[in-house]
Amino acid sequence: MISTEENNLLTQIGPETPCGGLLRRYWQPVALTEELPEGGAPVKVKILSEELVLFRDDQKRPGLLGLHCSHRGTDLSYGRVEDGGLRCLYHGWLYNVEGRCLEQPGEPGGGEHRDAIRHRAYPCKEAGGVIFTYLGPGDPPLLPNYEFLTVPAEYRTVVKLYESCNYLQGNEGNIDPVHLSFLHQCLNEAQVAYRRTVPGSDATDNRLLGEDIAPTIDVEITDYGLRIYTLRDAGRDKRYLRVTNFVMPNLSVFGGSSVGYGYSIHWHVPIDDTSHWKYIFAFSREKPLDDFMRTRSRVELTADYRLTRNGSNRYQQDRDSMKTQTFTGMGLNFQAHDAFATESQGPVQDRTAEHLVTSDKAIVAARKLLLNAMKDAKDGRDPQHVIRDPKSNQLLHLQALSEVVPTSVDFKQHVRERIAEVQRTYGK
């Protein structure tokens with residue numbers, strides 16, 4: 001367990017908090033590109049406890065401004081997108097994407113002192129079907145050159161979903177290898193539409209995860225966060241090797257149905273202390289994604305990115321199906337399983353009451369990295385994985401692996417060789 005003070009440090013994300021200050025030093029997703037089409041209406045957003053308005057100007061540039069007009073506080077999300085910016089409906093003040101007041105039409109000469117107005121504004125970038133923003137101090141760092149942001153559109157997919165809990169418990173679920181043997185277990189594989197055997201075996205990951213429920217786990221610190229090794233018995237002289245990753249400060253990389261030629265990503269972006277958006281990416285570096293991969297994370301989602309299975313309907317749990325279909329009785333959608341597990345911990349998990357065990361070593365290590373990074377930020381240093389040198393913005397060593405290997409193999413050396421192969425093949 002950790003202290004109340006440490007739990008607050010890790011979970012409180014307002015502008016004046018240590019964790020909020022840390023998260024603001026990284027580019028964060030603020031919306032899907034599909035939410036802000038050309039000619040579309042401005043979008044009211046809340047990120048890291050700040051209420052903002054996102055719009056696309058007549059040059060197609062995304063802009064992110066403080067929600068309330070600098071004149072008398074009217075909501076700018078109702079505004080008119082015209083004349084190079086966003087115009088308030090109350091008195092016609094016009095702001096560009098940099099927060100400059102271009103016009104005060106009700107004032108003589110269009111506003112003698114309009115240039116003195118600096119409305120709150122944050123820089124934006126678009127990549128991989130997502131609009132990112134930097135909310136921190138000083139010059140923004142480089143947007144990390146993640147593969148899932150740079151491959152062609154047909155090779156990737158992204159969606160988001162709302163979770164009514166703190167961002168940290170959402171992300172910690174991704175770096176907990178043991179839960180895969182329980183929470184997501186399918187008891188009848190015949191009902192699974194997409195079944196893929198793990199390289200090096202004739203078994204599915206569902207079967208291998210279910211046959212060894214007490215894996216060996218190892219972690220190592222990397223420049224981006226943590227690399228997590230999980231080893232399960234896979235029969236005579238064989239082990240099931242999975243490599244997943246905690247990426248500073250609030251995302252995780254792991255193997256999905258694209259393992260072998262890509263990976264999946266969960267990026268947990270706080271709305272406030274008790275809710276967050278979970279951005280779900282998947283990509284292939286070798287071929288376009290099929291319809292299954294493009295739609296799998298949109299199953300059971302409403303038009304406003306909420307799960308139809310949720311706490312209000314007890315995640316539509318069917319206890320009869322727990323006997324023969326799934327471990328949870330909550331269908332086959334992993335996103336609903338994750339939401340149940342993390343939301344049911346409460347809006348902010350009370351970590352002073354938890355009892356961590358040896359299999360939680362990745363969670364313990366990730367918390368230490370976050371606390372150390374908060375200290376770095378407080379002391380004026382760039383925290384871990386803030387990238388400013390273009391030469392360092394090569395991230396092909398960030399990989400997720402899933403395969404069965406002989407027990408005689410040095411698994412860490414095997415992973416290094418797999419990563420080197422990707423770097424040789426796809427490095428520029």
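**First stop: salt bridges**

Select Glu34 and Arg298, whose side chains meet in a salt bridge with an N to O distance of 2.8 Å. A salt bridge here is a side-chain nitrogen of Lys or Arg within 4 Å of a carboxyl oxygen of Asp or Glu. The pair links distant parts of the chain, 264 residues apart: Glu34 is in the loop between strand 1 (28-32) and strand 2 (43-47), and Arg298 is in the loop between helix 6 (291-295) and helix 7 (321-324). Helices (H or I, at least four residues) and strands (E, at least two) are DSSP runs, numbered from the N terminus.

This is a predicted model, in which local features need pLDDT of at least 70 and side-chain atom pairs count only at pLDDT 80 or more, while totals for chains, interfaces and linings use all residues. Residues are numbered from 1 along each chain as its sequence is written, and side-chain values use heavy atoms, with hydrogens and water left out.

Glu34 is partly exposed, with a relative accessible area of 42%, and Arg298 is partly exposed at 33%. Buried means under 20% relative accessible area, exposed over 50%, and partly exposed in between (1.4 Å probe, protein chains only).

Next, select Glu35 and Lys160, which form a salt bridge of 3.0 Å, N to O. Glu35 lies in the loop between strand 1 and strand 2, Lys160 in strand 12 (residues 156-163), and the two are 125 residues apart. Is Lys160 buried or exposed? Lys160 has a relative accessible area of 4%, so it counts as buried; Glu35, at 21%, is partly exposed.

Now select Arg87 and Glu103, where a salt bridge spans 2.9 Å, N to O. Arg87 belongs to strand 6 (residues 85-87) and Glu103 to strand 8 (residues 101-103), 16 residues apart. Arg87 counts as buried because its relative accessibility is 10%, whereas Glu103, at 30%, is partly exposed.

**Second stop: backbone details**

Keep Asp83 selected. Its phi is positive, about 55°, although Asp83 is not a glycine. Asp83 is found in the loop between strand 5 (80-82) and strand 6, and is partly exposed with a relative accessible area of 48%.

Move to Ser49, a residue other than glycine with a positive phi near 70°. Ser49 lies in the loop between strand 2 and strand 3 (50-56) and, at 30% relative accessibility, counts as partly exposed.

Then select Met248 and Pro249, which are joined by a cis peptide bond with omega near -5°. Pro249 sits in the loop between strand 15 (238-247) and strand 16 (251-254).

Rolling a probe the size of a water molecule over the atoms shows where empty space is left. On a 1 Å grid over the protein atoms alone, a cavity is a set of points where a 1.4 Å probe fits but cannot get out, and a pocket is an open set with protein on both sides within 12 Å along at least five of seven lines; lining residues have an atom within 4 Å of a point. Grid points are joined across faces, edges and corners, and a volume is the space filled by probe spheres set on the points.

The structure holds two cavities of 30 Å³ or more. For the largest, with a volume of about 80 Å³, select Tyr26, Trp27, Pro144, Tyr146 and His385, which lie nearest its centre among 16 lining residues.

Pro249 returns at the second largest cavity, where the lining also includes Tyr167, Phe246 and Arg367. This cavity has a volume of about 50 Å³. Helix 4 gives the most to its lining, with four residues.

Finally, select Glu172, Gly173, Asp176, Gln345 and Ile363, the closest to the centre of the second largest pocket among its 23 lining residues. The volume of this pocket is about 420 Å³. Helix 4 (167-172), helix 8 (334-343) and helix 9 (361-378) each give two or more residues to its lining.
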